[in-house]
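Reader: I would like to learn how to read the place where two chains meet. Where do I begin?

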Amino acid sequence: MHFANAEEARKHHALYWKIFFALIVLTGVTVAVAQVHIPSMLIAVAVAMFVALIKGGLVVSFFMHLTEERKSLFAVLLLTIFFFGVLMSVPILTHQDSVGTVTQKFQPFHGPDHGDGHGAGEAKAGH
Amino acid sequence: MSAAIALPCDVKPHPITGMYNGKFGVWLFLASEVMLFGALFSTYIFLRVANPEWKHGWELGLNVPLATLNTAILIGSSVTVVMAWYHLQLNKFDVAKRYLLITIGLALGFMVVKYFEYTAKFNHGIYPKSNLFFSIYFTMTGLHGLHVLGGVVVFAYLVGPGSRMWLTHPEKYTNRIECTGLYWHFVDLVWIFLFPSLYLL
């Protein structure tokens, strides 16, 4: 990126300092929100990540001047964002996954649980 | 064999990508860095979700005021790099050099704060092997710290012996500052996510 004229350069100069102060203020917001006791962990994470995303967006858009880059770069970055999303969803998918987990319903070689407080497998092992 | 081979599109934009090759290369490198840190973040989420009794970083003795100071330091260093690049475009090399020296100073300041944080933990007998949280904490902040040191080395070269290029190829030198700046903003970006994830949540 190159500045077309002195006026454009001056505008960018002011913008960079505005972004800097916005980032400092948002850092303060992140710390302040953390002092407030939010009962739901999910909401606490969502708020913290939302502020971090805004800060990250400002850095990428203006300091890395992504908003002024060519579209060819977006193709590369969209691919990165997609696979980053896959990577982040791996822990969630793992916790949702029940494949390979032996549940009572699918125990093919054990008899039914007779409600004696012991699992079918344990009852069989006792014989 | 002393004749230098000119690399294509090292200053002028490549017809397909629309930017000089160095910048496109740095963006590709940063894409791979996203996956590197992404793998560590993914591991952190996995372990954390599996352990409901997981404590907050500040409950385990992490120093939030020092980490907040470090966040401000890194954000400050990001703006000084942008300022250096901005002044190079206006042909003000001396001002740009001053901003680059401030950037190096801020980066070293970040590492000094990190040194105090790490030694405070070591003095309390806390090491990466102590528990799951601290193994993640030291791995992620340690890898980030290595990136900061890497940036310092490159900036030191560009301010020192590498600055001779300004006299012969000013546009190419400006591009080098831009590329290093892109890397540096990424290092800042990683910290923006590390700080709340490890210290506050």
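Author: Begin with the word contact, which here means heavy atoms within 4.5 Å. This is a predicted model, and in it 52 residues of chain B are in contact with 45 residues of chain A.

Reader: How much area do chain B and chain A bury between them?

Author: The size of an interface is often given as the accessible area lost when the parts come together. Here chain B and chain A bury about 4200 Å² between them, and carbon and sulfur atoms make up 80% of that.

Reader: Which residues form a salt bridge between chain B and chain A?

Author: A salt bridge needs a side-chain nitrogen of Lys or Arg within 4 Å of a carboxyl oxygen of Asp or Glu. B:Lys23 and A:Glu69 form one, with their closest N and O atoms 2.5 Å apart. The count between the two chains is one salt bridge. Four residue pairs, both members at pLDDT 80 or more, are in polar contact across the interface.

Reader: Which elements of chain B give two or more residues to the side that touches chain A?

Author: They are helix 1 (21-50), helix 2 (64-89) and helix 6 (170-200) of chain B. Helix 1 gives the most, with 17 residues. Sorted by class, this side of chain B has 34 nonpolar, 13 polar and five charged residues.

Terms used: Residues are numbered from 1 along each chain as its sequence is written. Chains are lettered from A and ligands numbered from 1 in the order in which they are written. This is a predicted model: local features need pLDDT of at least 70, side-chain atom pairs count only at pLDDT 80 or more; totals for chains, interfaces and linings use all residues. Side-chain values use heavy atoms; hydrogens and water are left out. Buried area is the accessible area (1.4 Å probe) that two parts lose on being put together, summed over both. A polar contact is a pair of N or O atoms within 3.5 Å; within protein, one must be able to donate a hydrogen and the other to accept it, and residues adjacent in sequence count only if both atoms are side-chain atoms. Helices (H or I, at least four residues) and strands (E, at least two) are DSSP runs, numbered from the N terminus. Ala, Val, Leu, Ile, Met, Phe, Trp, Tyr, Cys and Pro count as nonpolar, Asp, Glu, Lys and Arg as charged, and the others, Gly among them, as polar.
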